[in-house]
Amino acid sequence: MTQPRPRKQVHLAAHFPGVNNTTVWSDPASGSQIEFDSFVRFAQDAEAARFDFLFLAEGLRLREQHGRIYDLDVVGRPDTFTVLAALAGVTERIGLTGTINSTFNEPYEVARQFASLDHLSDGRSAWNVVTSWDAFTGENFRRGGYLGQDQRYERARLFLDAVTTLVDSWPEHAVVADQAAGRFLAEADPGRFTISDSQFDIAGHFDVPRSPQGRPVIFQAGDSDAGRDFAAASADAIFTRHGTLEAGQAFTADIRARLTRFGRPRDAVKVLPATTFAIADTDAEAHELAAGIRLQQVSPATAIMLAEQLWNRDLSDLDPEGPLPDVDPIVGESTVAQGRASVRMVTDQLETAQRWRAAAAEHGWNLRRTVAEMGNRQHLIGSPATVADLIERYVDSDACDGFILVPHLVPGGLQAFTETVVPLLQERGVHRTEYEGTTLREHLGLAPLQRPAGRRTA
Amino acid sequence: MPTTGRVVCRMDDGTHGQRQRLPMLLGIALDGAGWHAAAWREPGVVADRLFSAGHWVDLARRADAAGFEFLTLEDGLGLQAQPWNAVAGRTDRVAGRLDAALVAARIAPVTSRIGLVPATSVTHTEPFHLSKSIATLDFVSRGRAGWRPQVSPRPAEAAHFGRRTMAAELTDAAVTELLDEAGDAVEVVRRLWDSWEDDAEIRDVATGRFIDRDRLHCVDFEGRFFSVRGPSITPRPPQGQPVVLALAHARVDGRSPSSLVPRSDDSSAAVRFAVRSADVVAITPADAVQLRELLDLVAQESAAAGRTAPLRVVADLVVLLDGPDGEPAAERRARLDAADGSPLVSDAAIMAGSAAELTDRLTQWWGSGVDGFRLRPAVLPDDLDTLARSVLPELARRGLRTDPAPGTLRDHLGLARPENRYRSTVDEGVPA
Ligand SMILES: Cc1cc2nc3c(=O)[nH]c(=O)nc-3n(C[C@H](O)[C@H](O)[C@H](O)COP(=O)(O)O)c2cc1C
């Protein structure tokens with residue numbers, strides 16, 4: 001018998017640094033964000049620390065500000081499915097989570113891509129279902145951006161239903177491959193499906209046999225009421241921005257209540273906030289380090305750009321080292337920036353600007369400092385022991401089930417965490433020292449899938 | 001004329017006298033358990049592992065070690081083993097397939113030299129997604145990506161997407177229309193590969209700029225079938241332009257899993273697509289006479305299209321060799337045919353014989369001026385192993401080819417890394 005594990009387990013994951021100002025490309029320690037070696041290094045660091053999964057975000061059009069490509073952050077990323085399939089070849093256990101949009105894709109294609117990825121990784125695939133829908137992004141696609149905002153979750157829900165129907169269309173033992181008897185299939189014409197609803201009218205045969213996990217683990221990352229309902233109804237995990245203890249508790253309580261309403265167990269969905277971190281020998285040093293990173297993340301030019309995104313105005317004349325704008329934000333659809341989920345997520349521009357002004361006044365911050373302090377997502381700052389305590393406190397008080405760590409450096413940024421905090425969590429018995437299971441569902445402690453009893457009807 | 005480092009052979013090829021040629025190019029076409037419908041029943045095949053990474057890694061490593069310049073992976077957007085426009089209703093053949101582009105990505109890190117050429121449909125898919133997918137394959141393989149665009153004329157596949165319908169009868173006009181659309185798709189994909197200049201990433205700490213956005217370009221494609229704005233979200237891949245291979249069938253019946261143009265007995269529409277869009281064209285001559293006719297057709301269409309860039313021509317051959325235990329090819333073929341209940345048929349010529357006979361055939365055909373071959377093994381890995389053991393070494397001994405040195409797929413094919421079509425010329429020579 002191994003030791004019992006009375007304590008609630010922490011779920012840890014690693015987000016490959018993205019195309020926003022969290023990623024500090026100007027640091028001498030920063031490497032390529034596109035060469036495969038960077039992905040390999042990052043994934044292998046996360047796997048060596050026995051993380052649950054690796055996470056990749058995606059945006060399908062390069063961001064613009066004032067009608068020009070945004071050039072201050074990292075720009076450029078690989079195709080999500082392709083890089084995850086390649087990473088399956090250089091890792092063995094770690095989950096592979098890809099962000100894939102439900103507006104600019106079709107269920108048949110996405111279902112065969114996830115089913116294929118799940119086969120090729122022996123059951124480690126996960127899908128973060130995002131619903132970005134704008135016409136700006138649509139210009140890159142033959143279908144265009146035809147979806148109204150109010151339809152995005154209807155399409156997402158029906159898209160996910162369709163993918164589930166497709167991957168469930170092959171029964172578990174459809175491939176018998178009995179060479180002596182000359183029988184490859186248990187039954188002729190496997191994979192039959194018919195889907196007919198307000199979004200899709202498709203029928204035929206799915207062409208990928210059932211994969212090790214049956215279907216990918218489902219993540220959701222929207223924050224609206226509709227997005228939360230979608231998660232509570234259908235997801236296995238949520239990628240959230242609610243990273244403070246109080247906001248996390250409120251968010252998690254909200255999700256658990258919704259789960260109950262949808263007839264699911266209260267712990268059926270893992271809540272995983274994204275967070276950056278700063279770790280040093282002492283808490284004081286860590287706070288100093290964190291402040292330095294915040295300033296690296298917000299150069300003077302970046303400060304103006306981020307302020308413009310909130311104010312929805314041209315602020316190019318402003319001095320980044322001077323005071324905040326003395327005008328109010330222009331409320332409504334952004335006319336300044338395009339291609340950013342974060343811009344659409346600020347629904348309370350006036351209130352947010354008010355909070356920024358109050359903070360600036362209280363601390364005597366200039367614009368750049370205010371942007372750096374108010375925009376940051378450094379929820380884990382301190383010595384290794386302090387950070388380990390924080391993580392345990394968050395999880396024990398149901399602010400979340402764990403964290404998706406977003407280092408500010410590619411590709412080595414995880415190391416500061418994995419070499420110091422992970423051993424402490426392992427000692428305390430709240431983080432695994434070896435993978436117990438082989439699939440991502442198992443790493444996340446999700447209940448086994450209900451096997452499809454028969455064919456789903458639409 | 002080769003334009004990059006690949007060794008050039010100087011040799012007497014019989015018909016053209018002394019001239020400089022590339023070594024004979026060899027590709028291996030991977031699909032399921034092989035190209036014979038009964039292949040999966042052979043003892044050397046682990047039939048219940050066809051959908052596992054291990055199956056593909058094993059085959060890819062064998063092909064890589066054998067020295068093939070490239071491997072191809074078949075794909076489709078529906079079940080294979082169905083006759084044209086109908087459902088097979090059989091349980092004794094392999095059905096189901098993994099996404100070829102993802103299989104290629106999965107094997108990229110565990111192979112070292114071999115080019116990786118997945119097939120994908122351009123009929124029901126987004127050029128934007130395809131472009132970044134193949135560009136990323138080029139990144140993860142360090143410059144070994146290729147791509148075989150194919151059209152999906154089957155009504156059953158169209159019904160999987162529900163965005164358009166396909167006529168049950170495939171007319172020549174419909175084929176031409178699909179290939180025109182494919183040409184536009186390849187054009188968009190290629191423009192997107194070029195939409196970042198190679199030196200667009202500047203990381204200029206002084207100005208805080210990560211990229212020079214003047215070196216990123218909208219592709220602004222507007223065609224008859226769709227429009228795409230760009231630029232890509234993925235930087236220009238290592239090869240600049242990954243290698244595009246087009247299969248131009250002479251004649252296809254509905255059973256071929258690689259059907260580009262089902263039931264068209266005229267290959268010129270497909271050849272026209274290939275000479276406009278591809279770097280490599282695969283043809284399917286039935287015999288030496290047809291081989292010369294098709295080479296002439298490719299040359300004519302290239303000239304008519306005003307093509308100046310090199311186009312490599314490879315001939316497809318289904319190869320069914322003597323068995324691993326010495327069973328003569330003819331008997332092996334008869335046994336496999338009996339197991340399946342119907343004779344092996346293909347759009348490509350079927351070469352059933354000994355390794356020596358195949359080697360002679362390749363040597364002869366190569367003498368007609370074809371640049372190389374894409375071999376479709378009847379049984380995997382058995383026929384692949386025989387090729388590796390007995391055919392490739394003999395071709396090398398005859399001085400017809402050498403194994404490729406480490407490098408990109410373009411290097412293997414003697415194709416230079418192309419200039420970027422959007423490269424700004426204004427600041428040429430001016431220090432950045
Ligand atoms: C933490 C977080 C991460 C997200 N990451 C992505 C992403 O990588 N790509 C994307 O297109 N949308 C992303 N989104 C956007 C959401 O998935 C969602 O589509 C959008 O917020 C609109 O839904 P909502 O109105 O419910 O928030 C993200 C959202 C959150 C909260």
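**Backbone, interfaces and salt bridges**

Student: In which loop does A:Asp189 lie?
Tutor: Helices (H or I, at least four residues) and strands (E, at least two) are DSSP runs, numbered from the N terminus. On that basis A:Asp189 is placed in the loop between S8 and strand S9 (192-196) of chain A.

Student: What phi does A:Asp189 have?
Tutor: This is a predicted model, in which local features need pLDDT of at least 70, side-chain atom pairs count only at pLDDT 80 or more, and totals for chains, interfaces and linings use all residues; side-chain values use heavy atoms, with hydrogens and water left out. Residues are numbered from 1 along each chain as its sequence is written, while chains are lettered from A and ligands numbered from 1 in the order in which they are written. A:Asp189 is not a glycine, yet its phi is positive, at about 55°.

Student: What average pLDDT does chain A have, and over which residues is the value below 50?
Tutor: The pLDDT is the predictor's confidence in each residue, from 0 to 100. Chain A averages 93, and 96% of its residues score at least 70. The pLDDT is below 50 over a stretch that has eight contacts (heavy atoms within 4.5 Å) beyond near neighbours in sequence, namely residues 453-458.

Student: What area is buried between chain A and chain B?
Tutor: The size of an interface is often given as the accessible area lost when the parts come together; here the area is taken with a 1.4 Å probe and summed over both parts. In this interface, 74 residues of chain A are in contact with 78 residues of chain B. Carbon and sulfur atoms give 59% of the buried area, which is about 6600 Å².

Student: How many salt bridges are counted between chain A and chain B?
Tutor: A salt bridge requires a side-chain nitrogen of Lys or Arg within 4 Å of a carboxyl oxygen of Asp or Glu. A:Arg142 and B:Glu181 meet this rule at 2.3 Å, N to O. The count between the two chains is 11.

Student: Which element of chain A supplies the largest share of its side touching chain B?
Tutor: Elements that each supply at least two residues to this side include helix H1 (36-48), helix H2 (80-88), helix H3 (107-120) and strand S10 (201-205) of chain A. The largest share is eight residues, and its source is H3(A).

Student: How far apart are the C-alpha centres of domain 1 and domain 2 of chain A?
Tutor: The domain bounds come from an automatic or database assignment, which gives domain 1 (11-281 + 378-443) and domain 2 (299-374). Their C-alpha centres are separated by 30 Å.

Student: Which residues of domain 1 of chain A lose the most area to domain 2 of chain A?
Tutor: The two domains bury about 1400 Å² between them, with 50% of it on carbon and sulfur atoms. Three residues together account for 34% of what the domain 1 side buries: A:Arg63, A:Gln65 and A:His66.

Student: How many residues apart are A:Arg432 and A:Asp52?
Tutor: Their side chains meet in a salt bridge at 2.7 Å, N to O. A:Arg432 is in the loop between helix H15 (421-427) and helix H16 (440-443) of chain A, and A:Asp52 in the loop between H1 and strand S2 (53-56) of chain A. The pair thus links distant parts of the chain, with a separation in residues of 380.
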